[in-house]
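Student: I would like to learn how to read a few features of this structure. Please take them one at a time.

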Amino acid sequence: MTTARIQEQETALGLRQVSFGYGAHPVLDAVSFNVRAGELLAIVGPNGCGKSTILKLMAGLIRPSAGEVLLDDLPVASIPRRKLARRLTLLAQSNEAPEAMLVRDLVGLGRFSHEGWLRRDTPEDRRHIDGAMRRMDVEALADRRVGELSGGQLQRCRMAMTLAQDADILLLDEPTNHLDLKHQYALLEVARTQALAGRAVVAVLHDLTHASLHADRIILMSEGRIAAEGSPADVLTVEMMEAVYGIRTVAMPFGRAIVHLPEGALR
Ligand SMILES: Nc1ncnc2c1ncn2[C@@H]1O[C@H](COP(=O)(O)OP(=O)(O)OP(=O)(O)O)[C@@H](O)[C@H]1O
């Protein structure tokens, strides 16, 4: 995939008035937004406000009970899985990889949508797999088994699998989970680079400092609705922290970063 190709397509994945509930339990209420090629959009908000549910809807894994999730004007859930996998990839929170699988094979799963039934590992596949492993610093783990990895090592391998897919749109659910400081920033830099290369990146993040540093735009969710949307400076205000998280904070800007500390933490 080239940047030119993405920009020509002006990738647009969007929710239009989407509502969703698990059984009788309503989770999302008339949520609308778009993500565009070339931007990193962060979705933040308290536990249980519906962030992961939004990513599952965007990935076509679940269908809205009202409204539509559209990829280039088509309902995403109606697009055949293999075709959809060339357009978007989801790094989910949970890991379903078999414990006995080798890391290299796990990363290679990202190439599934590009393979015909009767071929494996073309030079193009190998280029993407090797590049993804290099970017996530997991080359040395290639021959280890999934079940032998630490939480952070596994998360980096799963992100490598996501990158190997070479999709236009990356949906990342708490991608920095389990990662140490160095690898948190390295992963977010990779996500940023993906956006700069013309991909659309949506990341659910809990760390608001990360969101302020890396996101072009932030959606702040509260109880299944969008409470605020805009630039980090517009969204991550003291007033919003109190209204949405129920915590009074002091905000400290450091360059692009906005750090919120609980009021009283500096006493
Ligand atoms: N499979 C499911 N069946 C029933 N309820 C679910 C299911 N998955 C999530 N929920 C509920 O839907 C709501 C939203 O969940 P979701 O995982 O989208 O929240 P979230 O904002 O990603 O939370 P967190 O920050 O804790 O990861 C929660 O109340 C949760 O308990």
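Student: In what sense do strands β9 and β10 pair?

Tutor: Two strands pair if DSSP finds at least two bridges between them; strands are DSSP runs of E of at least two residues, and helices runs of H or I of at least four, numbered from the N terminus. Here β9 (residues 217-222) and β10 (residues 225-230) pair in the antiparallel sense over five bridges. This is a predicted model, where local features need pLDDT of at least 70 and side-chain atom pairs count only at pLDDT 80 or more, while totals for chains, interfaces and linings use all residues. Residues are numbered from 1 along each chain as its sequence is written.

Student: What do β9 and β10 form?

Tutor: A hairpin with two residues between the strands. Glutamate 223, in the turn, has a positive phi of about 50°. Serine 222 has arginine 225 of β10 as its bridge partner.

Student: Which residues touch the most other members of the largest nonpolar core?

Tutor: In soluble globular proteins, nonpolar side chains tend to be buried together. A core is a set of buried Ala, Val, Leu, Ile, Met, Phe, Trp, Tyr and Cys residues joined through C-beta atoms within 7 Å; buried means 20 or more other C-beta atoms within 10 Å of the residue's own, with C-beta atoms placed from the backbone. Of the 72 residues in this one, the answer is Ala160, Leu171 and Val202. Helix α6 (residues 151-164) supplies the largest share, seven residues.

Student: What does leucine 171 touch?

Tutor: Contact requires backbone-placed C-beta atoms within 7 Å. Leaving out residues up to four places away in sequence, leucine 171 touches Leu55, Met58, Ala59, Leu88, Thr89, Leu90, Leu91 and Val202.

Key:
Buried ≥ 20, exposed ≤ 12 C-beta atoms within 10 Å, placed from the backbone. Contact = placed C-beta atoms within 7 Å.
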